[in-house]
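Subject: Model for you to look at

Hi,

Here is the structure I promised to pass on. Please open it alongside this email, and I'll walk you through what turned up.

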Amino acid sequence: MQISSYAQSLNMRSSMTQIQTQLADLQRQLSTGLKSDSFSKLGDARNLVLALNNQVTQSKSYLDTIDLTALRVKSSSDALTRVNNISSEMKNGGLTSTFNLTSGGQTNLQITAGSRLDEIVDLLNLNVGDRQLFGGKATQTEPVVSSGLMLNGDTTHAGLKTVIAQRNAADIGDGSGRIALSSPVAGTVSIAEDAANSPFGFKLADVHSSLTGATVTGPTGTPPAVDVAFGATLPNDGDTISLDFTLPDGTSTTVTLTATTTSPAGAGQFTIGADATATATNFQAAVGTSLQSEAKTTLKAASTAQAGNDFFSNTPQRVDGPPYDTAVALKDGTADDTVFWYRGDTSTPAGNNFLATIGDGSQMAYGARADQSAIATVVKNTALLAAVSYTGADASEAAEYSEMTKRVATDLDFAGTQSVVNLVTDLGLKASTLDSAKTNLQTQISTSQTVLADTQNADPYDVASQLTTLVTQLQASYQVTSTLSKLSLANFL
């Protein structure tokens, strides 16, 4: 008969089974490094682990967004930095360039402008991460047309060169800048705009006279006119009259005529005649000559600049013609007859049209758009330089070129307006925001992962110690079981 009871045997076997179960769990912890093989076995720490895991996953998603956004911001900043360098190059060239024509009837500055325009178009059509950077929300369409199409148009669409030519014709008219000269009565000269409310040509702004014996009135009437009536007392040698004109691009010029006893009179002079009628005749001829000279130089340059403004506006403006030299109004260009240089998103405001979620409840608007005023100004002025050409046969072309390049330099000075540097600076601030957000997220992830490790991970030294203890206990249990199984009355005796 055996000494151990059946109950004692069962208790021993149950104890061994528990030890084996604990041993298997410790071996799993040692191999996986985790305290538990399921969240349900973590007890009260389960909800914390689930929350932290979700937080880490979301934070990593934000980091992915930040990295892609940072790439786009840097690419945009690099592109606009180059655009700004080109702007400076064109501005400095406008201040220093001389009228020395090379092949094609252009100066070296203009030829360079053509190459730079190609480069600007490529920069503004930059695509990063399957997204156009400078087209706003229209992310899959190149926002800027090719420089060739922009300048030359095609068989059905007018490009910049055509818009300039039509605007020049409308502003210069018959050669006098849309100013009509007449002598309504003997001894009187009327200087009038040729049409009421027309946007073209010289616009009379003011008149200043020191002409002895002459009565000067205006500008008044519709269309505005200045009347100069010479009297019995004739002007003295050296007396002057100055006509102030507003030009199409908003700038101004002054035509000054000086009375002289010399005949023939020099440029900017009129000969004092024997009487009022003869003096008026000489004065009218001199005004006409001066207007024609000013029209071919200052007015034409201002007209070209305004044609650029018209073409690069959101809706391009065209001279309502033909005929163009007598036109009295502008009209909207349409997609059927005019090149629209910008084909991206046109919603307002322009810029910061992309939105990136960079943290819980944290979003950042970013991005620049090709039609923002600063960028469009660089495109416009570079295109103007590239579009105009000269024959070299007209002596007035040098003065016209000087007036045009002066306007380019002034426009690219960005006085009191948004500049490309402002856009680059804004992108730099966005990059700094992204860096800060990234650092914060990385800190959050590190902290969460530390807490997760403390909660989920098993201490290998502690597990090994427990394993050793359980193995010893299991071996002892086996020995006791073996000994008890051999006990009997015979063996006892």
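Predicted model: local features only at pLDDT ≥ 70, side-chain atom pairs only at ≥ 80, totals over all residues.

The chain contains 11 helices and 12 strands. Of its 493 residues, 43% are buried. Among contacts with a separation of 6 or more, 67% join residues 24 or more positions apart.

The pair I'd start with is helix 6 (residues 276-311) and helix 8 (residues 397-411), whose axes come within 8 Å and cross at roughly 40 degrees. With angles under 35 degrees counted as roughly parallel, helix 6 and helix 8 are therefore oblique to each other. Their crossing is right-handed. On the helix 6 side, the residues involved are K296, T297, T298, K300, A301, A302, T304 and A305, and they meet A399, E400, E403, M404 and R407 of helix 8. By class, the residues in this contact of helix 6 with helix 8 are 5 nonpolar, 3 polar and 5 charged.

Helix 8 is worth a look by itself, too. Its 15 residues span 21 Å from the first C-alpha to the last, close to the 21 Å expected at 1.5 Å a residue. The buried residues of helix 8 are E397, E400, Y401, E403, M404, T405, R407, V408 and A409. Among these buried positions are E400, E403, M404 and R407, which also take part in the contact with helix 6.

Now for the other pair. Helix 3 (residues 108-124) packs against helix 7 (residues 373-387) at an angle of about 145 degrees, and their axes are 7 Å apart. This crossing is left-handed. Helix 3 contributes L109, Q110, A113, G114, R116, L117, I120 and L124 to the contact, while helix 7 brings I375, V378, V379, T382, A383, L385 and A386. Sorted by class, the contact of helix 3 with helix 7 has 11 nonpolar, 3 polar and 1 charged residues.

Apart from neighbours within four places in sequence, T271 is in contact with T260, T261, T262, S263, P264, A265, T279 and N282. Two of those partners, T279 and N282, fall in the range of helix 6, residues 276-311.

Key. Residues numbered from 1 in each chain as written. Heavy atoms only, no water. Axes fitted to C-alpha atoms, helices over the stretch in contact; angles between N-to-C directions. Helix = DSSP H or I, 4+ residues; strand = E, 2+ residues; numbered from the N terminus. Parallel < 35°, antiparallel > 145°, perpendicular 65-115°, else oblique. Left-handed = near helix turned anticlockwise from the far one by under 90°. Contact = heavy atoms within 4.5 Å. Nonpolar A, V, L, I, M, F, W, Y, C, P; charged D, E, K, R; others polar. Expected span 1.5 Å × (residues − 1). Buried < 20%, exposed > 50% of the residue type's maximum accessible area, 1.4 Å probe, protein only.
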